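Biologist: I would like to learn how to read a model like this one. Please take me through it feature by feature.

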Amino acid sequence: MEYIKLEDIWKTYKTKGVTVTPLRGLSMSVDKGELVVVLGPSGEGKTTLLRVIAGLLRQDKGHVYLRGELVDDLPPRERNVAMVFQSYAIYPFMSVYDNIAFPLKLMHRPKQEIDAQVKKVAEMLRIGDILSKKPSELSGGQRQRVAIAKALVKGADVLLMDEPMANLDAIVRVYAREELKQLHKELGTTIVYVTHDQVEALSLATKLAVLHDGVIQDFGDPMEVYRRPRNTWVASFVGNPPMNVLEGTVREGYIVSKKGELKLPLPSSYRGSVREGQDVTFGFRPEDAVVGEGDLRGVVSMIERVGAYTVVHVDVGDGTLLRILYPSTTQVNRGDKVSFTVRPGSLVLFDPATGKRVEAASS
Amino acid sequence: MKGRSRRLAYKALRLGISYLVLIVMAIWAIIPIYYVIMLSFSHVTKLLAVSIKDLVPTQVTLQAYRELLFGRFIPSIKAPDFPLWVAHSIVLAAATSLLSIALAMLAGYGLSRLDMPAKKTLATFTYIITFLPVTATTVPLYLLFAQLRLLNYYGLVLAYTPGTAVFAAFLAKLAIDSIPPDYEDAAMVDGLSRFGVFIRIVFRMAMPIVALTALLGFLGAYMDYATAYAFIGANSNQWTAMLGLYYLAGLYNYASAPNYNIFAAGAVLMGIPLMALFLVSQRMMTRAYSSLAGIK
């Protein structure tokens, strides 16, 4: 069942005399119990999208449905959604306990019920021992838990999260991510989670939505989006490092790049979907290049050591750079000549005119 | 060794100068208050000549206080006059204070948060208005309120309020500017209406400024003489403490001889509610000043 449905949402607003239109006909539907991560560059309306769902912003055009019902005219408090803000928005003048209890107090629940509920949620998030503290005494990780506790306490089955881990340090973030996944599994809440962090998106999502230009560019299983992006923009955005995307032409069973000297065999699955002489855009993941074998050649022009692996930028002629992953143990220097090949079957073809992925005729 | 003693001497000199300056300032601040309190306990009606010798009281009497607290001067008033007038003042000042808070916070919220045309111009205009002395508006206010048949307590409250509220609205705008809007959004998702958010979150977070507004509003009304004189000067049954004190000290009528000891005792008595108010709101007040200092 479509639990959250957005239909052709448009939103324009003015900030300091500049008119921006972050959402341009965005449509998306989320099934019950999914954890949808909306991934997109900064400033492209991810937060706006959440605020439209919560009812904090009124869309200019289009409709929002929650649990199958039209909620366009309902104020936030009647939509029965909970939201975790990037800044956490825990009231500084209330203790942690009062912060968590606040939504329940507003519902005029009996005192014992509020107490039981707060304690239950606090235990779930392991913050039972800090309930009497003031927010200013908490660490970033604790604040985030309090914010999540406050969102969960209402029992709302739609949870909106706006980059809740952006302010955590790297180690805490890994644990927080794992805990959130666990929590989601236990509660079965429908979550829309917004982030610009690639790793977070791929590791958390049960469904990944990529937002750009005010519309959802790609939506689906995160690894599916990663392996087979729907268009060239998604290919060059998702993943770190992103896909190598090049222009080429189909020639005698090969794809020949227009710039540089790259000649890759056309995967058999695409034989039926492209013609001889047709222009195509093709892409492959940096980890799908195998170094040390094959007949493709290039010169190392830049080396990015990330730790677990090394991203090597290889010039294949005409200044065309390819990103290739090396194991971090491999010695490589600038100016080295390397040979490599691309794993057959890892190629993804796009239509150069529309940027859309070309479906393989057979797989 | 030599360098160290030089450093110590320099430090002592620096401290000495600092203390000297501070002590002089303290004397300037304390002497007038001391003088007024001393005067209030004397039976001398004239202003004392200020010489060191006169600063030590020779005789202490509560005569002035007795007169103020229990004296009956106006025949039509059935209770001791001055305490009644103080009560009038407190009610008037409290009403002004509350109305100022409501007005200032609503205006400040609008200027800070709502998307409306000419917002910046309006905020600047609000700020500039505060440069004008409130006393200058007494005559036009009198004429206007006479037309509206509002030359009474209600009229006074209405006339006092803008004196505080306009400036306070500007302060409230600055204070609300510094509250992250996320708190309001979170409260709306938590289950409050927009107005509920205003009352329960914005007020609470702007509390230092609310307290400052309350104090300014109270002070403005409590200490006013000119507007009160114009509005209710003719009716001694309705007088405020300020009007009453001027009358009792003989300053109301230039022909009579002034009683400065009464005036001083009245000032001390009128100061008591203010002191109480300051003590209650001291913590908030410190925060108000420090929070305003952080805003450009």
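**Reading the model**

Modeller: Start with contacts in chain A: among those between residues at least 6 apart in sequence, 66% join residues at least 24 apart. Two residues are in contact if their C-beta atoms, placed from the backbone, lie within 7 Å. This is a predicted model, where local features need pLDDT of at least 70 and side-chain atom pairs count only at pLDDT 80 or more, while totals for chains, interfaces and linings use all residues. Residues are numbered from 1 along each chain as its sequence is written, and chains are lettered from A and ligands numbered from 1 in the order in which they are written.

Biologist: How many residues does chain A have, and what percentage of them count as buried?

Modeller: A residue is buried if 20 or more other C-beta atoms lie within 10 Å of its own, exposed if 12 or fewer, and partly exposed in between, with C-beta atoms placed from the backbone. Chain A has 363 residues, and 38% count as buried. Its C-alpha atoms fill a box of roughly 75 × 45 × 45 Å along the principal axes.

Biologist: How many helices and strands does chain A have?

Modeller: Both are DSSP runs, numbered from the N terminus: helices are H or I with at least four residues, strands are E with at least two. Chain A has eight helices and 19 strands.

Biologist: Which domains make up chain A?

Modeller: Domain bounds come from an automatic or database domain assignment. Chain A splits into domain 1 (2-236) and domain 2 (241-350). Their C-alpha centres lie 38 Å apart. Six residues from domain 1 of chain A and seven residues from domain 2 of chain A form the contact.

Biologist: And which domains does chain B have?

Modeller: The assignment gives domain 1 (2-64) and domain 2 (74-293) of chain B. Their C-alpha centres are 33 Å apart. Here the contact takes 11 residues from domain 1 of chain B and eight residues from domain 2 of chain B. Helix 1 (residues 2-40) of chain B gives the most to the domain 1 side, with four residues.

Biologist: At what angle do helix 3 and helix 6 of chain B cross?

Modeller: Two packed helices are described by the angle and the distance between their axes. Axes are lines fitted to C-alpha atoms, for helices over the stretch in contact, and angles run from 0 to 180 degrees between N-to-C directions. The axes of helix 3 (residues 81-113) and helix 6 (residues 153-177) of chain B cross at roughly 40° and come within 6 Å.
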